[in-house]
Structures are given as C-alpha cells and as structure tokens.
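I opened a new notebook page for this one.

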Amino acid sequence: LVLGLDSLVMLAGGIGLTLPLALLRELDRLRQQGRRVPRTTLLLCFARMADIPFLQELQQLCETASWFDLRIHITREDIAAHGPFVPGRPSQQSLLALGQPQAVVICGGHAFAQTFREHARACFPGAIQHIEAFTPPAASTAQPGETAQACQLQIAHSGQVVEAASGKSLLEILEGVGIAIRSQCRAGICGSCRIRITGGSSRLEADFCLSDREKEAGYALACCTFPSAGHIHVDLKPGA
C-alpha cells in the first residue's frame, strides 16, 4: 500500500482512526528495523479532545519519529491552537499546507469519506487515493409536511415485484423481503452489491467503487441506492 512512497497523508475522523493507527504502528516497526518508510502526516477530526482514543500513543510517536507529523482538528469544542491541536474543521488551506503527497488514505463515516475524497481530489490531484468508509450512506429524511412515497421494485429475471416505502436503501429493502443479494461493506467500497437500474427514479449516494462510465450505463450499488417513487426496474445480476 505505502512502502516505496516518499510521502503519505492520512485523513481520519471518529472510528476511522483505527486503520491509520494500525498502519502507523506497522510503519514504526519497519522503521525500527531500518526499513525506509514514507514521510507521513495524520490529520484527525474529532468533536472534542476527550473523544480522541490513543492520543498519548499518537503524541509520543509524533515526538519521537522524525518521519511522522500529527494534526488534530477539534470541531465542537472551543480551544486555542496549540501543539497538534487546531480549532474548527479542516479548510482547503489546511490540506494544501500538507504539501503534495503521493498517496492519501481517507478513513471515516460515509459522509466524511465522501467530503474528503472531493477535497483530496482538489488539493492533491496527483495522489493515489485509498478510501475506507465505516458507515452506510444516510437514509433520506422527509421534509416537514412530506410523507414517504410508496414505490415498487420489479426484479429482472424473476419478475418479482416488491412493495417498498422510499427512505431505505435498495439493499435494506431487498434483504427485508428475503431476496438474496451479495453484500459486504455496506458503505459503497467493495462493489459486492453491484446492480443495474434499468428504469424508474432513485437517489444515488456517492460510492467509492463505480466509474462514471458505469454509472452512466445504469450500474449502481444497492447499499447506495435509495428508490424515490414509482416503478423501479432492478437487475440484480447485471453480468448474467
């Protein structure tokens, strides 16, 4: 993933810290063995300082490892900037200040991964991106005065018709009525729940797997697809 690189930036929020932490521990082990590791910056986003796990370990590594830098943005607590701590959410200037890394690792909830994927594309256009999202896309919520609209899913090959209220993902709807569909990450990363929408209206949340050409051809991920209303035609075996 990162060995052989000169520079690496990792962006993480909340539970997304777990993967960068494991990677940092491995890089530190390799460096102690005399191996070459990339210059690495970890930028964290947490609501409050008390929410940050493994803070002492991260600060100690930052103090002792010349190859590692730590920056922590605190978003919901009034703090003064000191040491690695910065008040507020990272801005585009915050990311540009990290230089031009060869690779970017983004870890967090779906919304965090989606937001920082776009920021990283703008700030680090030449960097390879590795993304891990740890939560599914958020379901749409009805506006005041609105009610959920009914929709029908017509399943290709079987001809089965499923009644479903809007607001749930296609993956949740299909699993709820016992229709078998492959899935793993449930966050738009792995591509296991790849389907094809051949008709009807759906809201597609960002995924981290399909190409623009595939999306234009009607391919989607069931975990990131939210039927809106009306008659939705779904092919669960688009390669068949």
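Which residues does Asp207 touch, not counting residues up to four places away in sequence? I noted first that the model is predicted. I then listed Arg117, Gly188, Lys215, Leu221 and Cys224 as the contacts of Asp207.

**Entry: Asp207**

I placed Asp207 in the loop between β9 and α6, the latter being residues 212–216. A polar atom of the Asp207 side chain lies 2.8 Å from the backbone nitrogen of Leu210.

**Entry: Arg117**

I followed the contact from Asp207 to Arg117. Arg117 is in helix α4. With a relative accessibility of 9%, Arg117 is buried. I listed what Arg117 touches, leaving out residues up to four places away in sequence: Ile106, Gln129, Ile131, Ala206, Asp207 and Phe208.

I then looked at the helix itself. Helix α4 spans residues 110–123. It lies across β1 (7–13), β2, β5 (103–108) and β6. Its direction runs at about 160 degrees to β5.

**Entry: the parallel sheet**

What is the strand order in the open sheet of six strands? I read it as β4-β3-β2-β1-β5-β6, with parallel pairing. The edges are β4 (85–87) and β6 (128–133), each of which pairs on one side only. From one strand to the next, the twist averages 15 degrees.

Strand β2 (residues 39–46) and strand β3 (residues 68–74) run parallel and are joined by seven bridges. Cys45 has His73 in β3 as its bridge partner. Helix α2 packs on this sheet and touches β2, β3 and β4. The direction of α2 makes about 140 degrees with that of β3.

**Entry: α1 against α2**

At what angle do helix α1 and helix α2 pack? I noted about 35 degrees, with the axes 12 Å apart. Helix α1 covers residues 18–32, and helix α2 covers residues 55–64. The crossing of α1 past α2 is left-handed.

I wrote down the residues on each side. Leu21, Leu24, Arg25 and Asp28 come from α1. They meet Glu57, Leu58 and Leu61 of α2. I sorted this contact by class: four nonpolar, three charged and no polar residues.

**Entry: strands around β9**

I turned to the antiparallel pairs. Strand β9 (residues 194–204) is joined to strand β10 (residues 219–221) by three bridges, and the two run antiparallel. Ile195 stands opposite Ala220 in β10. With strand β11 (residues 225–235), β9 pairs over seven bridges, also in the antiparallel sense. Here Arg203 stands opposite Phe226.

**Entry: Gly83**

Is Gly83 buried or exposed? I found a relative accessible area of 77%; the cut-off for exposed is over 50%, so Gly83 is exposed. Gly83 sits in the loop between β3 and β4. I also took a distance to Ile106, which is 23 residues away along the chain. The two C-alpha atoms are separated by 23 Å.

How values were computed: Residues numbered from 1 in each chain as written. Predicted model: local features only at pLDDT ≥ 70, side-chain atom pairs only at ≥ 80, totals over all residues. Heavy atoms only, no water. Axes fitted to C-alpha atoms, helices over the stretch in contact; angles between N-to-C directions. Helix = DSSP H or I, 4+ residues; strand = E, 2+ residues; numbered from the N terminus. Left-handed = near helix turned anticlockwise from the far one by under 90°. Contact = heavy atoms within 4.5 Å. Nonpolar A, V, L, I, M, F, W, Y, C, P; charged D, E, K, R; others polar. Pairing = 2+ DSSP bridges. Polar contact = N/O pair within 3.5 Å; in protein donor to acceptor, adjacent residues only side chain to side chain. Buried < 20%, exposed > 50% of the residue type's maximum accessible area, 1.4 Å probe, protein only.
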